[in-house]
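Please have the sequence and the 3D view open while reading.

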Amino acid sequence: MEISSGGGVVLEGVHASVAALDALAAEDTFLAAGVGVGADVDVLQRRYELRLTRLEVVKRLEAQLAAVKAVDVAEAVEIQHAMLAPDAPVRERTYAEMSAVEEIAGVLTISSGAAGAFVEQSRRVCALPPVMDALAAGALSWQHARIVADETEGLTPDGAAALVAHFFDPAAPKPARGAAPGKLVPSRFRTKIRAWRERHHPESLQKRHAKGVADRRMEYSPDRDGMAWISLRLPGHTACAIWNRTTATARGLQGPNEPRTLTQLRPDIAASLLLGTGLLPGPENTATADTATFSGSGPGTDSSSPTAGTTGIAQVPTPRADVLVMVPVFSLLGSTDEPAELDGLGPIPASLARKLVADGADSFYRVLVDPRDGAPLEIGRTRYRLTETVKQWIRMRDGKCTFPGCNNRTPDNDTDHLTAWDHGGTTGTSNLAQLCPKHHRLKHNSQWKPDAATPREPPGWTSPTGRHYNPEHDDTEPPHWPPGILSPNESTVAPAAPPATGTPAAPAWAGCEVEESDGDNLLDPDELSPTDPLWDDFYAKPFVLPPDPEADWQLVLSLM
């Protein structure tokens, strides 16, 4: 058996990173001593930038060292097998691998179970050359590499190769857009890669969802300091609705006389609703010597004064906790089983999405997507003010707070003008983005600057030191078309944007021409005020679901 020597190649990157750290340390030493520093150099600013640069190099070095460990672990087990006779029995090979795993556990000072998992993860990562190359170059962390290994498990070799190519090969037919894998926080990267997998391999989603529903449960776990945890495993749409309602209720309670934070109010509201007391626990830090209060997450209460320090939950107006469901139009019609997208959760089975829309749940909005490019097409409405409709649209486009690395999802987030109205900014989707309250305040009190957004993509960001961060949104793709509708030579993808000059060509599948106006009677929606009466007329028009495309091909015309 031939043993590879991948570790030697990986070590070259480690040597380069160590040399870069040495150079940065030398420059910092000169700055601290004032040696060779020009009068125009801001020493403190430069030393601050050096710390950030050094953190970048250390992050790269950590990834490269993780690549060295992964290669060595995989090759150690491979060498152990090579030391056996070619015709060695399975039992002998099994114990040889167990022995190697135990030695690896001892060397790394980890448990046997952790060592076995590390061996398996290292093998899978080493079997994905683009991922290993990115790890060895320091372009992504070991945690990111593990996520790819996890999400490719169970896929065919071709399916795994397609997933890896989408995220790691810029020359792939449809490469991922926005931030590179290593520029996404691991949890966000897992969400993005899982959404791609579910969309391109939906065959098992329905079965796994059914199994998950059967496994729903509530768990209780005592904690220290007289506290405890209650956790629920529920269908995603139910959990999203609960989270959104508790958050919206907590937002409604906040005010000058409410000292509790949003994080504290959520469990208090949940406890009050579950226990059916009708009373909202008050903050413990307002208790006096003769006043009893209780916490929704504590072990018990003082029943001698049940209403002290409380607020009647019935006195709090019940908010509308909206949940958006993005449903591909053919999936809604039952022509395909492509998964839908639940805002705040991710892919859900098509059958569940159809049920949510058909049942007419008040807290759910159905959102149809364009068959040409997967962009939101129309939002179901029961309210006709532009501000609410635009907010829902921004929620679907952004998916979360657009600040780099933030995973705060709706309904916590504000819809913010990227360029302020009094500075010439419009109220169109290209000048709006989601920001959580924390990063909304930071934007207005620091030098963090957002890029312009587009109808398809949220903004990127530039830090005070000039580092640019691309958008972190999921990529939209054309929905799946029912079999037999398109001929093999016809494309389902329309151009993302018309050329800067010339007349854009109609999509090959459209079979029609788009009539352009000869006059100046068209309006740009971004230039209209939210209170313009034209919007009332526009939204007063009822939305009519297009007919089944298999029965009436004019569906294409109605979606143009």
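Predicted model: local features only at pLDDT ≥ 70, side-chain atom pairs only at ≥ 80, totals over all residues.

In soluble globular proteins, nonpolar side chains tend to be buried together. Here the largest nonpolar core has 47 residues, and Val125, Val131, Leu135, Trp142, Val148, Phe168 and Phe189 are those with the most contacts inside it. At least two residues of this core come from each of helix 1 (6-33), helix 2 (43-82), helix 3 (90-108), helix 4 (112-126), helix 5 (129-136), helix 6 (142-152), helix 7 (157-168) and helix 8 (186-200). Helix 2 gives the largest share, eleven residues. Another core, of ten residues, lies apart from this one; Val325, Ala340, Leu352 and Leu356 are among its members.

Leaving out residues up to four places away in sequence, Phe189 touches His144, Ile147, Val148, Phe167, Phe168, Pro181 and Leu184.

## Arg188

Arg188 is in helix 8. Is Arg188 buried or exposed? Its relative accessible area is 3%, under the 20% limit, so Arg188 counts as buried.

Beyond four places in sequence, Arg188 touches Lys400, Asn407, Arg409, Glu472, His473 and Asp474. Arg188 and Asn407 are 219 residues apart in sequence, yet their C-alpha atoms are 7.0 Å apart in space.

## Cavities

Rolling a probe the size of a water molecule over the atoms shows where empty space is left. A search of the whole structure gives four cavities of 30 Å³ or more. The second largest cavity has a volume of about 50 Å³.

Which residues line the second largest cavity? They are Asp398, Lys400, Cys401, Thr402, Pro458, Pro459, Pro471, Glu472 and His473. Four of these lining residues are nonpolar, two polar and three charged.

How values were computed:
Residues numbered from 1 in each chain as written. Heavy atoms only, no water. 1 Å grid on protein atoms, 1.4 Å probe; cavity = no way out; pocket = protein on both sides within 12 Å on 5 of 7 lines; lining within 4 Å. Points joined across faces, edges and corners; volume = space filled by probe spheres on them. Nonpolar A, V, L, I, M, F, W, Y, C, P; charged D, E, K, R; others polar. Core = buried A, V, L, I, M, F, W, Y, C linked by side-chain atoms within 4.5 Å. Buried < 20%, exposed > 50% of the residue type's maximum accessible area, 1.4 Å probe, protein only. Helix = DSSP H or I, 4+ residues; strand = E, 2+ residues; numbered from the N terminus. Contact = heavy atoms within 4.5 Å.
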